[in-house]
Amino acid sequence: MSAVELRFRYGTLEVSGLDRQDKTLPASCLWDPRAACHRGPAMAYADVVLALRAAGLSYDDQARRYTAFERPLRVDREPRPYQREGLEAWRKAGNRGVVVLPTGAGKSHLAMMALDLRRRSTLVIAPTLDLVRQWYDLLRIHFGTPVGIVGGGEHEVCELTVTTYDSAYLHMDRFGDRFGLLVFDEVHHLPGPSISSAAERSIAPFRLGLTATLERPDQLHLQLDDLVGPVVYRKEI
C-alpha cells in the first residue's frame, strides 16, 4: 500500500504520509498540525502529482474523481486557421492558459475542440445565466450527451456541466474533484478576492480561459497566470 495519500477536502488538497519537514511538495502545500498532514489549495493537485512522481514516490490518489470522457465531437466543422493555432498553442502550454480572440471569432468552437482533445469531465463557467443556456445547448449539440447545470435554481452535475461564476464560487468546494478540465468563458470575470477561489478549489489540471477583453484597469487579470495559465494565444481579426 502507498504511504502517501491524496484527498480532496472542501476545496483543499490533503497530502498525508510525508514527514512534516519533507521538501517534496510545492511551496503552496503547508503542514496542517490539526490534521497532521500537508495541505494546499486544490488547484495544486497537478503540481503535487508531478512532484511525487519526480521524487519516485508512489501514492494513493483519492482526490481525483473526474473521468475520461468517451464521446467524440460529433459536429464536423472545419476550424478556422486561428482556431487551430489557438488550440495548438494551448496544447503546447500543457493544456493550460488563456486564448484572446475578438467577439464573434468562434471562441466557443475552440473550446469544443479543447474538450475533444482532452476528453475529460468538463465544467464550463460563464458570467450569466443566458450564457449558461447557450453553452448548455452547444455542449448537447456537439457531444450528444446529458449536460448538467448548476445555477438558476438547478443543480445537476454531469460529465459535462455548465455553471455561473457565482455558483462555482458557492459549490466548488463540493464538486471541485469531479472535473479534469475547466473552461472559463469571459475569463476576465474570474480574478478578485472571492470569485477567484472557484479556480483555487478545483483540482482540474487542464484549464482554458477565453475572452475578448483580457486587461482590467485594476490589473487583477495578472492573477490569471496562476489561476488558469498565461496568455498562450492572442489574435486580432
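**View 1. Cysteine 158 and its burial in the predicted model.** Cysteine 158 is buried, its relative accessible area being 16%, where buried means under 20% relative accessible area, exposed over 50% and partly exposed in between, with a 1.4 Å probe and protein chains only. Residues are numbered from 1 along each chain as its sequence is written, and side-chain values use heavy atoms, with hydrogens and water left out. Because this is a predicted model, local features need pLDDT of at least 70 and side-chain atom pairs count only at pLDDT 80 or more, whereas totals for chains, interfaces and linings use all residues.

View 2. Cysteine 29 takes part in no disulfide, and the nearest cysteine sulfur, which belongs to cysteine 37, lies 9.8 Å away. Cysteine 29 is also buried, with a relative accessible area of 8%.

View 3. Of the 237 residues in the protein chain, 50% are buried. Among contacts with a separation of 6 or more, 70% are accounted for by residues 24 or more positions apart, contact meaning heavy atoms within 4.5 Å.

**View 4. Helices and strands of the protein chain.** The protein chain holds seven helices and 13 strands, which are DSSP runs numbered from the N terminus, helices being H or I with at least four residues and strands E with at least two. Along the principal axes, its C-alpha atoms fill a box of roughly 55 × 35 × 35 Å.

Definitions and conventions
A disulfide is a pair of cysteine sulfur atoms within 2.5 Å.
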